[in-house]
Amino acid sequence: MEHFTLEEWRKYVKNELSEPERELYEDHLYLCDHCLEVYLEAMDEEENSMPAMAGEDEFTNLIMAQITGGIPEEAAREHKELSNKESWFERLFPIAFASFMLIGGLVTMCREKNK
Ligand SMILES: [Zn+2]
């Protein structure tokens, strides 16, 4: 069996191959553990050489925001709790209102019976 070199797998990872070539590489990958390892190595290299580590930057920014913006973060949390209470109130209000009307109706009925 003929194997592909690391250089060839790099091309595959970087999408520098034509469609028939890609298929050939993929077919071989299913059959060959050796090339799978080489392919994974090429993948690792490619990931490490990625110029824009966007995810990492985002993570750093998030940490920095938490360090430098400690107080606004706290305020935001309080606001969130407050709006949670509001939504609870909004949810319970119709139930409370219905109960109030029911009790009011029963009281009225009782009074009319006693007349
Ligand atoms: Zn192989």
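Here is a short chat about the predicted model shown above.

Me: What am I looking at, and what limits apply?
Reply: This is a predicted model, where local features need pLDDT of at least 70, side-chain atom pairs count only at pLDDT 80 or more, and totals for chains, interfaces and linings use all residues. Residues are numbered from 1 along each chain as its sequence is written.

Me: How many helices and strands are there?
Reply: Five helices and zero strands. Helices (H or I, at least four residues) and strands (E, at least two) are DSSP runs, numbered from the N terminus.

Me: How much of the chain is buried?
Reply: Of its 115 residues, 6% count as buried. Buried means that 20 or more other C-beta atoms lie within 10 Å of the residue's own. With 12 or fewer it is exposed, and in between it is partly exposed; the C-beta atoms are placed from the backbone.

Me: Which residues of helix 3 are buried?
Reply: Cys-35, Val-38, Tyr-39 and Ala-42.

Me: What does the face turned away carry?
Reply: Exposed residues: Asp-33, Glu-37, Asp-44, Glu-47 and Asn-48.

Me: And what do the buried ones pack against?
Reply: Helix 1 (6-13) and helix 2 (19-31).

Me: Leu-6 next. Where does Leu-6 lie, and what is it in contact with?
Reply: Leu-6 lies in helix 1. Leaving aside neighbours within four places in sequence, Leu-6 is in contact with Val-38, Glu-41 and Ala-42. Contact means that the two C-beta atoms, placed from the backbone, lie within 7 Å.

Me: How far apart are Leu-6 and Glu-41?
Reply: In sequence, 35 residues. In space, 7.9 Å from C-alpha to C-alpha.

Me: Is Asn-15 buried or exposed?
Reply: Exposed, because Asn-15 has 7 other C-beta atoms within 10 Å.

Me: Last one. What does UniProt place at residues 92-110?
Reply: The unreviewed UniProt entry places a "transmembrane region" there. UniProt positions are given in the numbering used here, feature names are shortened, and annotations may be inferred rather than shown by experiment. In the model, residues 92-110 are 100% helix and 0% strand, with the end C-alpha atoms 27 Å apart.
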